[in-house]
Amino acid sequence: MKPLRRFLAWSGDERRLLFVAGFAVLGVRLGLWLLPLKPLLARVRALARTPDAPNERTEVAALVRAVERASRVVPRASCLTQALAAHLLLARAGHRSELRFGVSRNAAGAFEAHAWLEHEGRVVLGDRPDLARYRALPSLELLDARRSASSVR
């Protein structure tokens, strides 16, 4: 009963954001189960190009908080799921963000990966105390720009 009371105590905007974030997280999670990553990224980018309402700029922190809350109830809402969903919602609200991936090896030598989201050079989703141990891969935007430049030649 406590979760329902907390939900009802939130403002109408917070509840609306939670539903929007829930659909985004669920959609991305389903996409990750059903599609290879490259086509899913293309779909997320296409959806992100269409802003919701040009005059409505929801705060970055509120959008990220809504994605984190919604991720608690979506099965296997991994760091990648959350980062993609938040990237989509931030873009649609008119905020630029950068999806980042990092790789590392754990103490046993096993490969590990992590995804996070940056906004204005600051980690807004997926920050963790050991983030520095992940070697950041080139950003996807940088890779896309290189491909575009090489195809023009």
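**Exercise 1. Overall make-up**

State how many helices and strands the protein has, and in what order they follow.

*Solution.* Step 1: the protein has 6 helices and 4 strands, where helices (H or I, at least four residues) and strands (E, at least two) are DSSP runs, numbered from the N terminus. Step 2: read along the sequence, the pattern is α-α-α-α-α-β-β-β-β-α. This is a predicted model, in which local features need pLDDT of at least 70 and side-chain atom pairs count only at pLDDT 80 or more, while totals for chains, interfaces and linings use all residues. Residues are numbered from 1 along each chain as its sequence is written, and side-chain values use heavy atoms, with hydrogens and water left out.

**Exercise 2. Burial, contacts and surface**

Find what share of the residues is buried, what share of the contacts joins residues 24 or more positions apart, and what the accessible surface comes to.

*Solution.* Step 1: of the 153 residues, 39% count as buried. Buried means under 20% relative accessible area, exposed over 50%, and partly exposed in between (1.4 Å probe, protein chains only). Step 2: among contacts with a separation of 6 or more, 62% are between residues 24 or more positions apart; a contact means heavy atoms within 4.5 Å. Step 3: the accessible surface of the protein is about 9,700 Å², and carbon and sulfur atoms hold 58% of it. Accessible areas come from the Shrake-Rupley method with a 1.4 Å probe, and for residues only the protein chains shown count as cover.

**Exercise 3. Helix α5**

Describe the span of helix α5, its buried residues and its packing partners.

*Solution.* Step 1: α5 covers residues 79-92, which is 14 residues, and reaches 20 Å from its first C-alpha to its last, close to the expected 20 Å at 1.5 Å a residue. The expected span is 1.5 Å times one less than the number of residues. Step 2: 12 of the 14 residues of α5 are buried, so the helix is largely enclosed by the rest of the structure. Among them are Leu80, Leu84, Leu88 and Arg92. Step 3: the buried residues of α5 pack against the helices α2 (12-34), α3 (37-48) and α4 (60-71) and the strands β1 (98-105), β2 (111-119) and β3 (122-125). Step 4: Gly94 follows α5 and has a positive phi, near 95 degrees.

**Exercise 4. Ser71**

Decide whether Ser71 is buried or exposed, and list its contacts beyond four places in sequence.

*Solution.* Step 1: Ser71 belongs to helix α4. Step 2: with a relative accessible area of 9%, Ser71 is buried. Step 3: a polar atom of its side chain lies 2.7 Å from the backbone oxygen of Val67. Step 4: apart from neighbours within four places in sequence, Ser71 touches Val25, Ala77 and Gln82. Gln82 is also one of the buried residues of α5.

**Exercise 5. Strand pairing**

Work out in which sense β1 pairs with β2 and β2 with β3.

*Solution.* Step 1: β1 and β2 are antiparallel over 8 bridges; two strands pair if DSSP finds at least two bridges between them. Ser104 stands opposite Glu112 in β2. Step 2: the hairpin of β1 and β2 has 5 residues between the strands, and Gly109 in the turn has a positive phi of about 90 degrees. Step 3: β2 and β3 also pair in the antiparallel sense, over 3 bridges, with Leu117 opposite Leu125 in β3. Step 4: 2 residues separate β2 and β3 in their hairpin, where Glu120 has a positive phi near 55 degrees.

**Exercise 6. Salt bridges**

Count the salt bridges and name the residues linked in a network.

*Solution.* Step 1: a salt bridge is a side-chain nitrogen of Lys or Arg within 4 Å of a carboxyl oxygen of Asp or Glu; the count is 4. Step 2: Glu98 and Arg100 form one, their closest N and O atoms being 3.8 Å apart. Glu98 is partly exposed at 23% relative accessible area, whereas Arg100 is buried at 15%. Step 3: Glu112 and Arg133 form another, with closest N and O atoms 2.3 Å apart. Glu112 lies in strand β2 and Arg133 in the loop between β3 and β4 (135-136), so the pair ties together parts 21 residues apart in sequence. Step 4: Asp130 also meets Arg133 in a salt bridge (2.9 Å, N to O). Step 5: the network links Glu112, Arg128, Asp130 and Arg133.

Terms used. Polar contact = N/O pair within 3.5 Å; in protein donor to acceptor, adjacent residues only side chain to side chain.
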